[in-house]
Amino acid sequence: MKPTLVLVGRPNVGKSTLFNRLTRTRDALVADMPGLTRDRHYGIGRGGSKAYLVVDTGGFEPLAKEGIVAEMARQAESAIAEADALLFIVDGRVGLTPHDKQIAERLRRSGRPVFLAVNKGEGMNRALISAEFHELACGEPYVISAAHGEGVKNLLELVLDSF
Ligand code: GDP
Ligand code: MG
């Protein structure tokens, strides 16, 4: 079984953009995963010599239907339970939100290793946009740009070293 990296964060922070970059969207592989549901998206990421499973969660996204919200939350919980590491993504342009704090609390309670990625950092002052995210107590905030690929390789090396 490959080590599993689970991407979490509130809507619109760039989880799927990062997922696509890490996996280069090998959607064919998705069909090979047992127990797949539409709420979790699996792919194979490669960093250096190591291959790992990447899971793009949608479970923290609010949806209109109560039953679906409950199902999404269950999916997020099982994704966290399967994780060897959690990559918590926040939006460096929007800044810290109350929802980020709630998610951080949940992730810290999981006891899994958490890496904090401050996304959308291209063209921004890294020290400035990352400063407020120390408050999440999810370790050092790493500024990345999922869309442009900046900082992604370095962060993934750190994550893979933890496996
Ligand atoms: P998700 O809801 O967390 O899966 O977020 P998405 O990957 O769908 O991205 C949400 C929005 O943020 C989209 O418009 C993306 O193009 C944009 N986005 C994602 N990554 C970056 C980034 O590194 N920089 C900027 N400026 N925008 C980004
Ligand atoms: Mg998404």
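A137 is exposed, with 12 other C-beta atoms within 10 Å. In this predicted model, A137 also has a positive phi of about 55°, although it is not a glycine. A137 sits in the loop between α5 and β6 (141-143).

Most residues other than glycine have a negative phi. The loop that holds K120 runs between β5 (114-119) and α5 (126-131). Which is K120, buried or exposed? K120 is buried, because 23 other C-beta atoms lie within 10 Å and the cut-off for a buried residue is 20 or more. A137, with 12 such atoms, is counted as exposed because that class covers 12 or fewer.

K2 falls into the class in between: K2 is partly exposed, with 13 other C-beta atoms within 10 Å.

| Residue | Other C-beta atoms within 10 Å | Class |
|---|---|---|
| K120 | 23 C-beta atoms | buried |
| A137 | 12 C-beta atoms | exposed |
| K2 | 13 C-beta atoms | partly exposed |

K2 lies in the segment before β1 (4-8). Which residues does K2 contact, leaving aside its neighbours within four places in sequence? They are A51, Y52 and L53. For Y52, which is 50 residues from K2 along the chain, the separation of the C-alpha atoms is 5.2 Å.

Turning to the chain as a whole, the model has six helices and six strands. Their order from the N terminus is β-α-α-β-β-α-β-α-β-α-β-α. The chain has 163 residues, and buried residues make up 39% of them. Of the contacts between residues at least 6 apart in sequence, 67% join residues at least 24 apart.

Ligand 1 has 15 residues around it, and those that come nearest are G14, K15, S16, T17 and A147. Which element gives the largest share of this shell? Helix α1 (residues 15-23) does, with three residues. By residue type, the shell around ligand 1 consists of eight polar, four nonpolar and three charged residues.

Definitions and conventions: Residues are numbered from 1 along each chain as its sequence is written. Chains are lettered from A and ligands numbered from 1 in the order in which they are written. This is a predicted model: local features need pLDDT of at least 70, side-chain atom pairs count only at pLDDT 80 or more; totals for chains, interfaces and linings use all residues. A residue is near a molecule or strand if its C-beta atom, placed from the backbone, lies within 6 Å of it. Helices (H or I, at least four residues) and strands (E, at least two) are DSSP runs, numbered from the N terminus. Ala, Val, Leu, Ile, Met, Phe, Trp, Tyr, Cys and Pro count as nonpolar, Asp, Glu, Lys and Arg as charged, and the others, Gly among them, as polar. Two residues are in contact if their C-beta atoms, placed from the backbone, lie within 7 Å.
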